[in-house]
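The sections proceed from the chain as a whole to individual residues.

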Amino acid sequence: MGNTINIYYYRRANKYLNKLDKNEKNKLTILINSKIKDFIEKNDRRYIQQEKYFSKIGKFDSTIYYLRISNDYRAIM
C-alpha cells in the first residue's frame, strides 16, 4: 500500500483551468499530477526546479519551486 499524494490548486489556478476546454484541462492536470508524483516518489528532477533567486532565505532552504509542464505552461509550487 503506497502513500496518497494530494494536490491542491490555488483558487486562481482552478479558475484558469476551468476556462480551458475539458480535454485540455484533463491533459494539463494529468501532466501536473504525474510530474509531481515522479518528483516525490522517484526523485525525478527534470521538470521541477527550485527557484534560484529564493533558494536560500537566511539559513533556511526555500519551499518555492516551479514545474515546467510544457513549453507553454509553468506552475509555481
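## Overall architecture

From the N terminus on, the order of elements in the protein chain is α-α-β-β-β-β-β. The coordinates belong to a predicted model.

The protein chain has 77 residues, of which 17% count as buried. Its accessible surface comes to about 6,700 Å², and carbon and sulfur atoms contribute 51% of that area. Among the contacts with a separation of 6 or more in the protein chain, 30% involve residues 24 or more positions apart.

## The sheet and its helix

Three strands form an open sheet in the order S1-S4-S5, and their pairing is antiparallel. Strand S1 (48-50) and strand S5 (74-76) are the edge strands, each pairing on one side only. From one strand to the next, the twist averages 25°. In general terms, the strands of a sheet pair through backbone hydrogen bonds, in either a parallel or an antiparallel arrangement.

Strand S4 spans residues 65-68 and pairs with S1 in the antiparallel sense over three bridges. Within this part of the sheet, Ile48 has Leu67 of S4 as its bridge partner. Helix H2, which covers residues 22-42, lies across S1 and S4 and runs at about 125° to S4.

## Residues of helix H2

Thr29 is found in helix H2, and its contacts include Tyr9 and Leu17 when residues up to four places away in sequence are not counted. Is Thr29 buried or exposed? Thr29 counts as buried because its relative accessibility is 16%, which is under the 20% limit for that class.

Asn33 also lies in helix H2. With residues up to four places away in sequence left out, Asn33 touches Ile7 and Tyr9. Tyr9 is therefore named among the contacts of Thr29 as well as those of Asn33, under the 4.5 Å heavy-atom criterion. The C-alpha atoms of Asn33 and Ile7 are 7.4 Å apart in space, while the two residues are 26 residues apart in sequence. Asn33 counts as partly exposed because its relative accessibility is 33%, a value between the 20% and 50% limits.

## The loop between H2 and S1

Which residue other than glycine has a positive phi? Asn43 does, with phi near 60°. Asn43 is located in the loop between H2 and S1. Its relative accessible area is 49%, so Asn43 is classed as partly exposed; the exposed class requires a value over 50%.

## Aromatic rings and charged groups

How many aromatic pairs does a search of the whole structure find? The search returns zero aromatic pairs.

Rings do take part in arrangements with charged side chains. Lys35 lies over the face of Tyr47, at 4.0 Å from the ring centre. The charged end of Arg11 sits over the ring of Tyr10, 5.9 Å from the centre of that ring. Both distances, 4.0 Å for Lys35 and 5.9 Å for Arg11, fall within the 6 Å limit applied to a charge over a ring.

Conventions
Residues numbered from 1 in each chain as written. Predicted model: local features only at pLDDT ≥ 70, side-chain atom pairs only at ≥ 80, totals over all residues. Heavy atoms only, no water. Pairing = 2+ DSSP bridges. Helix = DSSP H or I, 4+ residues; strand = E, 2+ residues; numbered from the N terminus. Axes fitted to C-alpha atoms, helices over the stretch in contact; angles between N-to-C directions. Phe/Tyr/Trp six-rings, centres within 6.5 Å; stacked < 30°, edge-to-face > 60°. Lys NZ or Arg CZ within 6 Å of the ring centre and 35° of its normal. Buried < 20%, exposed > 50% of the residue type's maximum accessible area, 1.4 Å probe, protein only. Areas by Shrake-Rupley, 256 points an atom, 1.4 Å probe, with all protein chains shown as cover.
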